[in-house]
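Subject: Structure for your review

Dear colleague,

Please find below the structure that I am handing over to you. I would be grateful if you kept it open while reading the notes that follow.

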Amino acid sequence: MIGNLGRIGPARIFVHAAVLLIVLLWLLPTLGIFVTALRDKDQIVASGWWTAFAGSSRTTAARLDGPDKAKPDGANFVISGTLAVEGGGKIQSFGLRVQEPAAYKAGSPAELENGETLTINSDGSYRYQKNGAFGADARAKRVYLTVATPPQFTLDNYRNVLGGEGIGQSFINSLTVTIPATVIPILIAAFAAYALAWMEFPGRAILIALVVGLIVVPLQMSLIPLLRIYNEIGQLFGVSSKTYPGIWLAHTAFGLPLAIYLLRNYISGLPKEIIESARVDGASDFDIFVKIILPLSFPALASFAIFQFLWVWNDLLIAMVFLGTDKDHLVLTAALNALLGSRGGNWEILTASAFVTIIIPLLVFFGLQRYLVRGLLAGSVKGG
């Protein structure tokens, strides 16, 4: 085995270890969110998600029956009954002080002072015995129980989130924002990339330089000017500033330069002979684009679609600026942010909301991931 590791080489071993670490760093939190969202509220508070399949234990208080329930048993007096354990579960141990709830094991008699003996079984039945009469004015004894609860999984958290917390409407709003804001820049960028890669026209070099320059402009610097321009145009045509077309255009404006740059690099790397042969056969630029360029560019288009979709889906800033925070237009990220303020202690609500938020990006990523590497590496080798 050591010889095999030596043949692999330390560099490759380091790469494999780094990839494994990245996968674990990504997988473990996602698994924790998923498991926590399916757990019962009380168990979430009592123990971590990694103990979900082993059950949990909690401490609860109960009170025995009073001295009026005592019955003689030979020379002794006995109080017996069954403790009602709230939330169910099996009693593991018990104690007489809140600081020591596990002082005695369930089923074993506990020798107390004044000749008293207390036995509490795992099913909650108990026997409290004294070698004399109980005082008539004595209070019912309080005991503290350590209760083992079996694993409990439920879908109620998701029902509450999708129905009662408004996450369902925010989910629809996010889809309404994300799908057009992903498709529109891809379509525009594909046409523009083909024109900049294979068509000769005046000002082509200036447009390429402008596209590269726009990539480095920070989003925060262009956000307010873009919003002002959109508001002025909206006032001119009598359109409200808080609309879906506004946020579609905003995401298109921010993502378009990078999309054009990446797709142009890919398209310009396609074999030149294919384009020239099509032109010799009399094909127009539109026919070449639709029948040749688009099918060959699918890996690059899918790669950009993944990044654009993930960015728009997880966006909070642009959504709050162009859509606002009213309930009818609130996207998932904004709704989850509101829950952090109003439900900061309700982990079952937060984790279910978080998993609802990430499930769509996960499906998109795994559905298109086979094209991701091909798209990222595409265009690195130029055609003839």
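The domain bounds used here come from an automatic or database domain assignment. The model itself is predicted. Under that assignment, the chain falls into domain 1 (8-50), domain 2 (55-149) and domain 3 (156-378). The centres of domain 2 and domain 3, taken over C-alpha atoms, are separated by 64 Å.

I begin with the strands. Strands of a sheet pair through backbone hydrogen bonds, either parallel or antiparallel. In this model there is an open sheet of 4 strands in the order 1-9-4-5, and the pairing is antiparallel. Strand 1 (56-63) and strand 5 (104-105) stand at the edges; each has a single partner strand, so one side of each is left without a neighbour in the sheet. Within this sheet, strand 4 (residues 90-95) and strand 9 (residues 142-149) run antiparallel and are joined by 5 bridges. To find this pairing in the structure, you may look for S93, which stands opposite T146 in strand 9.

A further set of strands deserves attention. Strand 2 (residues 71-73) pairs with strand 3 (residues 76-82) in the antiparallel sense, over 3 bridges, and D73 stands opposite N76 in strand 3. The hairpin of strand 2 and strand 3 has 2 residues between the strands, and G74 takes a positive phi near 70 degrees there. Strand 3 is also joined to strand 8 (residues 125-130) by 6 bridges, and these two run antiparallel. Here T82 stands opposite S125 in strand 8.

I turn next to the helices. Two packed helices are described by the angle between their axes and the distance between the axes. Helix 5 (residues 167-198) and helix 11 (residues 298-313) pack at an angle of about 145 degrees, and their axes are 9 Å apart. The crossing of helix 5 and helix 11 is right-handed. On the side of helix 5, the residues making the contact include F171, L175, A181 and I186, while those of helix 11 include L301, F304, F309 and W313.

Finally, there are the salt bridges. How many salt bridges does the model contain? The count comes to 6, and three of these pairs are described here.

- R159 forms a salt bridge with D156, with the closest N and O atoms 2.6 Å apart. Both R159 and D156 lie in helix 4 (residues 156-164), 3 residues apart, which is about one turn of the helix. R159 counts as exposed because its relative accessibility is 52%, whereas D156, at 39%, counts as partly exposed.
- E276 and K272 meet through their side chains in a salt bridge (3.7 Å, N to O). Both E276 and K272 belong to helix 9 (residues 272-280), 4 residues apart, or about one turn of the helix. E276 has a relative accessibility of 39% and so counts as partly exposed; K272, at 35%, also counts as partly exposed.
- E200 and R204 likewise meet in a salt bridge through their side chains (4.0 Å, N to O).

Yours sincerely,

A colleague

Technical notes:
Residues numbered from 1 in each chain as written. Predicted model: local features only at pLDDT ≥ 70, side-chain atom pairs only at ≥ 80, totals over all residues. Heavy atoms only, no water. Pairing = 2+ DSSP bridges. Buried < 20%, exposed > 50% of the residue type's maximum accessible area, 1.4 Å probe, protein only. Axes fitted to C-alpha atoms, helices over the stretch in contact; angles between N-to-C directions. Left-handed = near helix turned anticlockwise from the far one by under 90°. Contact = heavy atoms within 4.5 Å.
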